[in-house]
Amino acid sequence: MKISRRETLGLLAGTAVVGGCTSIAQKLEQDNEPLSPLALSDDPAVRRLNRFGFGPRPGDVQAFRKLGDEGWLQAQLNPGAEPVALTLALRQLDIFHFSAPELRDFSEDMVVKQMQQAAMLRAVQSPWQLRERLVDFWTNHFNIFARKGLAAFRKPADERNVIRKHALGSFPEMLKASAQSSAMLVYLDQQASHRLQPNENYARELMELHTLGVHGGYSQKDVMEVARCFTGWSEERRFLRPRGQFRFIPELHDDGEKVVLGQRIPAGQGEKDGLQVVEILANHPGTAKHIAQKLCRFFLGDAGTEVEAEVAKVYRETGGQIGPMVTAIYRHPVATNSPPMLKRPFDYVVSALRATDANTDGGDALLARLSNMGQPLYLWPMPDGYPDQTEAWSGSLLARWNFAFDLMHGKIDGTSVDRERLARLFPEAAEEAHIFHRHPESTSLIDPQDALGAIANAADRYALLIASPEFQWR
């Protein structure tokens, strides 16, 4: 049975810290800022794993310290094979065995759920956490709403060939792959673009969201010229051809001369018009600035403004290589000293599963909890991706609390936590050290002896820690 907000606060109120300290309940029920960040006391290793991954599992902090700051980063930038258990779990999913046209033999619901399940399993189980963080980032940057038209059936290929393939590689190459992804083109109505009526949807989002940014200095004239350049860019739909793949249709293309951002695109180039636009945008200083801003905000929150100029410079010097940009963010002092950022629901769920070393199939029951928090993966209807502002997620608190209690009381089918194993892994520490991966003597706003000592049920104590204000931040 779900618990109400009042019931949750009533339970939490019973765990008030004595001696004048603020109770967990009071922290959860702040009138003006219910999601105000707390001053975390994480050590640098924990902060790294929370910022550049989805949080530590038992043993991850020790492994990080053994590798050291630079050793961990270099390992993450050069990921190896996935664990056998994860590989086998992913092989069970049909989306990895069929092309877009073949997937249409399945229901749209099944395809969407399998994509969500794969993303969940990888984020929870993969040791290559930096890559999974970046996959989450780029999936939102190049957002495709899976419920529009037949996008659901095209999106698995887009995820493989655009997002995951280039997540740690070259942004210009990813941009080109996205421009030739039938999932993206059809989502933004590019298949209907004709020399007599060019489609501006893809042209506008290409500049506003994917490259230059809303203040990138382009004009409506540039949008129209870019739209002309991409006429004829569509997908293969002919009989006995590789349907669902990119196709350029010459007879639909406007082959006249164009001018984009002051650069001349000669007449008669055909498909090369669009490729030249991609090159112009990828090499534009405005793109370097926009991508740097988004990456810095993603990893560092509001404090990322201190690093943006440096990261934009790295973009320009390396031709948009993602690894060096992330390295610049990682090595900057603000990466371990900046204020905490609110976890979006996907981040929150994955970090809770990792902190508790949960076993999960990533299936319907878990995905339903994530949907209740407002972030069903691949289902943001606008092309800008899920928001990252704190206020956008202020309505997800009750669903988060219910998730925490359901997780620790074994009420999520296909997902379980072995609390006895956790206790064996941390024999000298109270539950707080299990969840936050801290030494028992470390300073914290949550005192396990006073705040939780009155609760006899270990499952409730774990749940309260996962539901606590402190765990909502990274």
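Helices α7, α8 (129-141) and α9 (151-166) each contribute at least two residues to the lining of the largest cavity. This is a predicted model, in which local features need pLDDT of at least 70 and side-chain atom pairs count only at pLDDT 80 or more, while totals for chains, interfaces and linings use all residues. Residues are numbered from 1 along each chain as its sequence is written, and side-chain values use heavy atoms, leaving out hydrogens and water.

**Cavities**

- A cavity is a set of points on a 1 Å grid over the protein atoms alone where a 1.4 Å probe fits but cannot get out, and lining residues have an atom within 4 Å of a point.
- The whole structure contains 4 cavities of 30 Å³ or more, and the largest has a volume of about 280 Å³, a volume being the space filled by probe spheres set on the points.
- Of the 23 residues lining the largest cavity, A119, V135, T139, E159 and Y378 lie nearest its centre.
- This lining comprises 13 nonpolar, 4 polar and 6 charged residues; Asp, Glu, Lys and Arg count as charged, Ala, Val, Leu, Ile, Met, Phe, Trp, Tyr, Cys and Pro as nonpolar, and the others, Gly among them, as polar.

**Helix α19**

- Helices are DSSP runs (H or I, at least four residues), and strands are E runs of at least two, numbered from the N terminus.
- In α19 (residues 364-372), A365, L366, L367, R369 and L370 are buried, that is, under 20% relative accessible area with a 1.4 Å probe, protein chains only.
- These buried residues pack against α7 (108-125), α18 (345-355), β5 (359-360), α20 (397-408) and β6 (415-416), contact meaning heavy atoms within 4.5 Å.
- After α19 comes G374, with a positive phi near 100°.

Conventions:
Buried < 20%, exposed > 50% of the residue type's maximum accessible area, 1.4 Å probe, protein only. 1 Å grid on protein atoms, 1.4 Å probe; cavity = no way out; pocket = protein on both sides within 12 Å on 5 of 7 lines; lining within 4 Å.
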